[in-house]
Amino acid sequence: MIEDELHRDRRRQRRLRRQQATRQGTGGVSTFAIQFAAAAGARVISTSSSDDKLSSARKLGASETINYRIHPEWQQEALRLTDGRGVDHVVEVGGGTIDRSVGSVAVGGQVHMIGALSNGTLSPRLLVPWKTLRGVMVGSTADHEAMNRMVAYHKIRPVVGKVFPFDEAVEAYRYLESASHVGKVVITHNHG
């Protein structure tokens, strides 16, 4: 049974190796997305406003990077990097860039909306070329188990940007709000 599941996971990974994915930012969800896509063999294109953060994204497995301060219409740069084809998958973490995400996706590609931190607008016409916009909240138990197998097999560890003690929780939220972190911002609570 486990061998069958691992064989199915390997078949999915072989299909993904031929695909390209774009993910945005360098927060906790985004860094995990880079690690998962790279472990599956996808060509990962990562965006950020900081060259230092983009360097971190490359260390995590991003093949290509786009600084969206230099390329505010970063979907055009993603299209250039894919010879006009577009990417197969985009992990959209904010919502405010939904039009750019859909604009960077290939015909038949998918935008996986993980969060909605800001407002954005999307013309339905952008979805006409068989593009899929999918909201992602929580997967099934089977999805969770498959993810855990992949984490264990590839030894994937979440990136922790900075750890704050509980009595500095306000500072932790300020640091998170500054968007200067790479990975997760963690608040610890000692039960001592």
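Predicted model: local features only at pLDDT ≥ 70, side-chain atom pairs only at ≥ 80, totals over all residues.
The protein chain contains seven helices and eight strands. Of its 192 residues, 38% are buried. The chain exposes about 11500 Å², and carbon and sulfur atoms supply 54% of that area. Contacts were also examined by separation along the sequence. Among those between residues at least 6 apart, 43% join residues at least 24 apart.

Four salt bridges were found in a search of the whole structure. One of them pairs glutamate 73 with arginine 100, with 3.0 Å between the closest N and O atoms.

Another salt bridge joins arginine 80 to glutamate 77, and here the closest N and O atoms are 2.6 Å apart. Both residues are in helix 4, three residues apart, so about one helical turn separates them. The two partners fall into separate accessibility classes. Arginine 80, with a relative accessible area of 52%, is exposed, because the exposed class begins over 50%. Glutamate 77, at 13% relative accessibility, counts as buried, the limit for that class being under 20%.

Arginine 85 and aspartate 88 also form a salt bridge, with a distance of 2.7 Å between the closest N and O atoms. In this pair, arginine 85 is partly exposed at 43% relative accessibility, while aspartate 88 is buried, with a relative accessible area of 11%.

Lysine 131 is located in the loop between strand 5 (105–113) and strand 6 (132–135). The residue is buried yet takes part in no salt bridge. For lysine 131, the nearest side chain of opposite charge is that of aspartate 88, 11 Å away. A salt bridge requires a side-chain nitrogen of Lys or Arg within 4 Å of a carboxyl oxygen of Asp or Glu. Backbone oxygens do, however, lie by the lysine side chain. The backbone oxygen of valine 102 is 3.0 Å from a polar atom of the side chain of lysine 131, and the backbone oxygen of valine 105 is likewise 3.0 Å from a polar atom of that side chain. When residues up to four places away in sequence are left out, lysine 131 touches Val102, Gly103, Val105, Ala106, Gly109 and Leu126.

Helix 2 (residues 28–39) has 12 residues, which at 1.5 Å a residue should span 16 Å. The C-alpha atoms at its ends are 17 Å apart, which agrees with that expectation. Helix 2 is mostly covered, with nine of its 12 residues buried. The buried residues of helix 2 are Gly28, Ser30, Thr31, Ala33, Ile34, Gln35, Phe36, Ala37 and Ala39. After helix 2 comes glycine 41, which has a positive phi, near 95 degrees.

Notes
Residues numbered from 1 in each chain as written. Heavy atoms only, no water. Helix = DSSP H or I, 4+ residues; strand = E, 2+ residues; numbered from the N terminus. Buried < 20%, exposed > 50% of the residue type's maximum accessible area, 1.4 Å probe, protein only. Contact = heavy atoms within 4.5 Å. Areas by Shrake-Rupley, 256 points an atom, 1.4 Å probe, with all protein chains shown as cover. Lys, Arg positive; Asp, Glu negative; His and termini not counted. Polar contact = N/O pair within 3.5 Å; in protein donor to acceptor, adjacent residues only side chain to side chain. Expected span 1.5 Å × (residues − 1).
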